[in-house]
Amino acid sequence: MVSGVLVVTGPSGVGKGTLIENLRQRVPELELSVSATTRKPRPGETHGVDYWFLPDEEFDRRVADGEFVEHAAYSGRRYGTLRSELTERVERGVPVVLEIELQGARQVRATMPEALQIFIAPPSFEALRTRLVGRGDPETLQHLDARLQTAREELAAQDEFAEVVVNDRLEDAVVRLEEIMRGAMR
Ligand code: 5GP
């Protein structure tokens with residue numbers, strides 16, 4: 001059994017979501033922290049499953065009320081981890097995974113140094129670009145340059161992380177993630 005908090009970070013488009021989905025099939029007790037965001041749902045995304053989609057005012061109010069463990073602005077939108085996604089699970093000993101960008105991971109590192117942090121890197125910058133474009137989402141394409149610039153900055157920060165997993169072959173990356181997790185979260 002594993003317990004504790006796992007933070008998976010890395011640039012947008014690197015495949016954090018798919019990796020986590022696969023990891024959760026292998027580690028069924030691992031629960032996902034559903035983030036809050038002010039961006040609009042993409043087709044197929046569901047409120048409360050993929051994100052808590054909140055209006056700006058409600059996001060602000062929750063920030064003011066101290067409801068977030070971390071929050072950050074990303075590509076003109078806001079994203080954050082609600083305390084309510086973690087507290088009760090941690091108390092019950094249920095392991096929980098956060099999929100967040102770099103600024104949020106840094107905040108969690110400062111406030112929850114006991115959380116395991118893993119940075120997911122692409123095999124190359126080109127591979128990342130191809131994946132972001134291939135997603136075909138109009139909002140991503142509209143902000144592609146900004147997202148690529150952010151990705152460049154995020155990639156430069158990977159040395160801050162003791163654990164870096166390169167997402168080249170999905171299966172290999174998932175196996176490596178599980179190994180690191182089982183080694184550290186006991
Ligand atoms: P997307 O809009 O593509 O779903 O997500 C954009 C970026 O925001 C991704 O890198 C994603 O990991 C990150 N993100 C998602 N949820 C959170 C969160 O709760 N906090 C932070 N800091 N970043 C998040």
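Me: Leaving aside neighbours within four places in sequence, which residues is valine 8 in contact with?

Reply: Contact means heavy atoms within 4.5 Å. By that rule valine 8 touches Lys16, Ile20, Val97, Leu98, Glu99, Ile100, Ile118 and Ile120. Please keep in mind that this is a predicted model, where local features need pLDDT of at least 70 and side-chain atom pairs count only at pLDDT 80 or more, while totals for chains, interfaces and linings use all residues. Residues are numbered from 1 along each chain as its sequence is written, and side-chain values use heavy atoms, with hydrogens and water left out.

Me: Is valine 8 buried or exposed?

Reply: Buried means under 20% relative accessible area, exposed over 50%, and partly exposed in between (1.4 Å probe, protein chains only). Valine 8 counts as buried because its relative accessibility is 0%. This residue is found in strand β1 (residues 5-9); strands here are DSSP runs of E, at least two residues, and helices runs of H or I, at least four, numbered from the N terminus.

Me: In what order do the five strands of the open sheet come?

Reply: Two strands pair if DSSP finds at least two bridges between them. Here the order is β2-β7-β1-β8-β9, with parallel pairing. β2 (31-32) and β9 (163-166) each have a single partner strand, so one side of each lacks a neighbour in the sheet. Strand β8 (residues 116-121) pairs with β9 over four bridges, and isoleucine 118 stands opposite glutamate 163 in β9.

Me: Which strands does helix α4 touch?

Reply: Helix α4 (residues 102-111) packs on the sheet against β1, β7 (96-99) and β8.

Technical notes: Axes are lines fitted to C-alpha atoms, for helices over the stretch in contact, and angles run from 0 to 180 degrees between N-to-C directions.
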